[in-house]
Amino acid sequence: MARRLLAVIVQLVAISVAIFGALYLTPGRPEQILLGTNPATPEALAAIRARYHLDDSVVDQYLHWLKGALQLDFGRSIQTGQTVTEVLGGRLPTSLFLAGFALVIVLAVAIPLGLLAGVKANSGVDRAITTISTVGVSAPAFALGIAALYVFGVVLGWFPVYGAGDGFVDQLWHLTLPAFTLAMMVTALVARQTRAAALTVNDQDFMTFARARGLPQRMLWGRYLLRNSSLPVATAIGLVLVSFLGGAVVVEQTFSLPGVGSVLLSSIANKDVPMVQGAGMFVALLTLLANLFSDVSYLVLDPRHRKRVLA
């Protein structure tokens, strides 16, 4: 486990170098980009160069930025004037609520459908679930979002078409369509992964013996089928969490949600360098932690893998 945590740290450093290098190589004078729409007076340019150490070498500039980042000081946003940590802190609850809501939908829909398709292999039910999964994994997120907005928001008027809401119940109502759209992107992936795992487990001898003993379906599905299919599904859930980070950018933009994805996209469009650096590192950290969570979940689901995971 210590080596895995060390690998996460090394990857974060490498990603920070890549982000800093990409922004350093961006066309245009750095001080002009950092000034944004403010007047480019000699005094303002000199102040910007002094604040961001632009007269230093690129290595010294990176080390200065890294020192601040280790103290959670990523500078101030060019667009708002707030610190990057304040902006991300204000946007984070919406993004986490959206991701958590979407994950609940995925687990509630994809796993039962995958188990059913695995048990009913090559039947009409299996073919129907496989067809729906194929359509779901092929549909672009923005197309699903626009269709959901039009049908359930405009035509039927069941859900709001923008905003995140206030309070738990109001947020739940506002984020239902975005969470459904985000979940649809990966429900097919988890369902197909669950089907493949359930198909393998269902043919094992212990399942045959359990059915011969006349155990109820609830016990067969819960104690035997789901439990022994959980490791591949846990890997798929890790991929789901990672894909949510990319999909949230499209979904938050489509539904006008004040989340981390939308602020990252806006910062890139407006060349808000401090925000791009801070948000990019935040997204990278979440991605690495999601992969680490996927590995560590093996400990809970199957103790036989404990030595391999902790190695």
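Trainee: What share of the contacts in the protein with a separation of 6 or more comes from residues 24 or more positions apart?

Mentor: Those residues account for 71% of them, with contact meaning heavy atoms within 4.5 Å. Keep in mind that this is a predicted model, where local features need pLDDT of at least 70 and side-chain atom pairs pLDDT 80 or more, while totals for chains, interfaces and linings use all residues. Numbering starts from 1 along each chain as its sequence is written, and side-chain values use heavy atoms, with hydrogens and water left out.

Trainee: What makes up the secondary structure here?

Mentor: There are 15 helices and zero strands.

Trainee: Why is Gln277 called buried?

Mentor: Buried means under 20% relative accessible area, exposed over 50%, partly exposed in between (1.4 Å probe, protein chains only). Gln277 has 8%, so it is buried. Gln277 sits in helix 14 (residues 273-301), and beyond its neighbours within four places in sequence, it touches Ile19, Phe20, Leu23 and Trp65. Across the protein, 38% of the 311 residues count as buried.

Trainee: And Leu72, buried or exposed?

Mentor: Its relative accessible area is 58%, so Leu72 counts as exposed. Leu72 lies in the loop between helix 4 (58-70) and helix 5. Though not a glycine, Leu72 has a positive phi of about 60 degrees.

Trainee: Where does Arg192 fall on that scale?

Mentor: At 42%, Arg192 is partly exposed. Arg192 belongs to helix 9 (residues 176-202). Leaving aside neighbours within four places in sequence, Arg192 is in contact with Thr130, Ser133 and Thr134. Arg192 and Thr134 are 58 residues apart in sequence, yet their C-alpha atoms are 9.0 Å apart.

Trainee: Which residues of helix 13 (residues 260-269) are buried?

Mentor: Val260, Gly261, Ser262, Val263, Leu264 and Ser267 are. After helix 13 comes Lys271, with a positive phi near 55 degrees.

Trainee: How much of the accessible surface of the protein belongs to carbon and sulfur atoms?

Mentor: Carbon and sulfur take 67% of about 16800 Å², using the Shrake-Rupley method with a 1.4 Å probe; for residues, only the protein chains shown count as cover.

Note on methods: Helix = DSSP H or I, 4+ residues; strand = E, 2+ residues; numbered from the N terminus.
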